[in-house]
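Please walk through this structure by way of its aromatic rings, its pockets and its disulfides.

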Amino acid sequence: MPSTLAYIKLAASLLASSTVLAQTPASTAEVHPLLLTRKCTNSGGCVQQNTSVVLDFEYRDCPNAATCAKNCVVEPADYAAMGVSTKGNAVTMYHYVKDSSGKLFNATPRIYLLDAEGKYVMMKLLNQELTVDVDLSTLPCGENGAFYLSEMVADGSKNPGQFNIGGAGMGNGYCDAQCQGYCCGEMDIIEANSQANVFTGHPCKGNNCDKSGCGYNSFAAGQRNFYGPGKTVDTTKPFTVITQFQASGGKLTTITRKYIQNGRNINSGTITNCGSEGSTGGLTGMGESLGRGMVLAMSIWNDAAQNMAWLDSGTNGPCAAGQGSPSNIQSQHPDTHVVFSNIRWGDIGSTTKG
């Protein structure tokens, strides 16, 4: 992380104390931006949830581990400075933000959904659906607006090998199928820009995760005119994304993607297989993670190593090789941002009634 992301100050009073062995919170509590969401049932409709978002703990990192362990006070994160703002049921995340000197820096925010008690919202989505409205219109080739699920623990306390303070309330305990933090099941609901998108399951069995995952990309599936500017799903305008997790006998059988735009229901693809159940758990294992409960994460990022080619170029999308380099994005699209809004989850069919 750039040094501008570190919201830490050394406390002189703690330096003098030999009993201080770990990080402590600042005296000023962090205020988490409110983000209204809804939980739905077919019988009772949708009920507003008093939820908020929290930045990942890394945005409050210390200068180094030794200093952190001895005498750091963790200050509240500055959400606006990290490119994150909320209004009602919408959250906006900017990739690049100007610092106090006016220089553009790489914020790359990642946030998680909190409940009213300051713990992560545990979405139990087996035989349920998750729906969100998205605006990806400013995301060019190489950019990724990600809306996904991680099997983190509710209080954020599982944090092996990391300093832990404040649990979920400080954005602690991240994990994913790439084993960042630690290994856990991951369900990518949306990884997308204005040119391409994919949804992907990443089941795990213990520490053995399906890192490549079982994904569906409409462009790669041959639907070249389905998704993009002016296409069936027109990414120059907002649209609704519905992801359904159908189950039979308590086991996940199908992951289905649908869209709504301009009042039209648009069917897309399905996932019915997710690798070896014996190795990484397969579709059954993905369903088990969904049944136990997963945490909603949202981020915006780009990819210096591959320029997001796995998402939007070659057989995966219309972008030219190298077009999505971070340097191109920063110079040509410094305003790139994503908006996620009207998040709701519940019984299949309940989130889009009316």
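The paragraphs below take up aromatic pairs, charges over rings, disulfides and pockets in turn.

The model is predicted, and local features need pLDDT of at least 70, side-chain atom pairs count only at pLDDT 80 or more, and totals for chains, interfaces and linings use all residues. Residues are numbered from 1 along each chain as its sequence is written, and side-chain values use heavy atoms, with hydrogens and water left out.

A pair of aromatic rings is described by the distance of the centres and the angle of the planes. Here, rings of Phe, Tyr and Trp (its six-membered ring) pair if their centres lie within 6.5 Å; planes under 30 degrees apart count as stacked, over 60 as edge-to-face and the rest as tilted. Searching the whole structure gives 8 aromatic pairs. One of them is the stacked pair of Tyr-112 and Tyr-174, with 5.8 Å centre to centre and 20 degrees between the planes. This pair links distant parts of the chain, 62 residues apart: Tyr-112 is in strand 11 (residues 110-114), and Tyr-174 is in the loop between strand 13 (143-150) and strand 14 (186-192). Helices (H or I, at least four residues) and strands (E, at least two) are DSSP runs, numbered from the N terminus. Tyr-112 is buried at a relative accessible area of 0%, and Tyr-174 is also buried, at 7%; buried means under 20% relative accessible area, exposed over 50% and partly exposed in between (1.4 Å probe, protein chains only).

Tyr-227 and Phe-239 form an edge-to-face pair, because their ring centres are 6.1 Å apart and their planes stand at 85 degrees. Tyr-227 lies in strand 19 (residues 227-228) and Phe-239 in strand 21 (residues 239-248), 12 residues apart, and the pair links distant parts of the chain. Both residues, Tyr-227 and Phe-239, are buried. They belong to one aromatic cluster together with Phe-226 and Tyr-259.

Two arginines lie over rings. A charge sits over a ring if NZ of Lys or CZ of Arg is within 6 Å of the ring centre and within 35 degrees of the ring normal. The charged end of Arg-110 is over the ring of Tyr-174, 3.7 Å from its centre. Arg-224 is over the face of Phe-219, 4.2 Å from the ring centre.

Next come the disulfides. A disulfide is a covalent bond between the sulfur atoms of two cysteines. With the criterion of a pair of cysteine sulfur atoms within 2.5 Å, the count is 6 disulfides. One of these joins Cys-175 and Cys-184, whose sulfur atoms are 2.1 Å apart. The torsion about their S-S bond is about 95 degrees, so this disulfide is right-handed. Cys-175 is buried at 0% relative accessibility, and Cys-184 is buried at 6%.

Cys-204 is joined to Cys-209, S to S 2.1 Å. With a torsion of about 110 degrees about the S-S bond, the disulfide of Cys-204 and Cys-209 is right-handed. Cys-204 counts as buried at 14% relative accessibility, and Cys-209 counts as buried at 9%.

Cys-214 and Cys-274 form a disulfide with sulfur atoms 1.9 Å apart. This link is left-handed, with -80 degrees about the S-S bond. The pair links distant parts of the chain, 60 residues apart: Cys-214 is in strand 18, and Cys-274 is in the loop between strand 23 (264-271) and helix 3. Cys-214 is buried at 10%, and Cys-274 is buried at 1%.

The pockets remain. On a 1 Å grid over the protein atoms alone, a pocket is an open set of points where a 1.4 Å probe fits, with protein on both sides within 12 Å along at least five of seven lines; lining residues have an atom within 4 Å of a point. Grid points are joined across faces, edges and corners, and a volume is the space filled by probe spheres set on the points.

The largest pocket has a volume of about 830 Å³. Its lining has 38 residues, and Gln-178, Gln-180, Glu-191, Trp-301 and Trp-310 lie nearest its centre. Strand 24 gives the most to this lining, with 4 residues.

The second largest pocket has a volume of about 230 Å³. It is lined by 17 residues, and those closest to its centre are Glu-151, Gly-185, Cys-204, Gly-206 and Arg-292. Helix 3 gives the most to the lining of this second pocket, with 5 residues.
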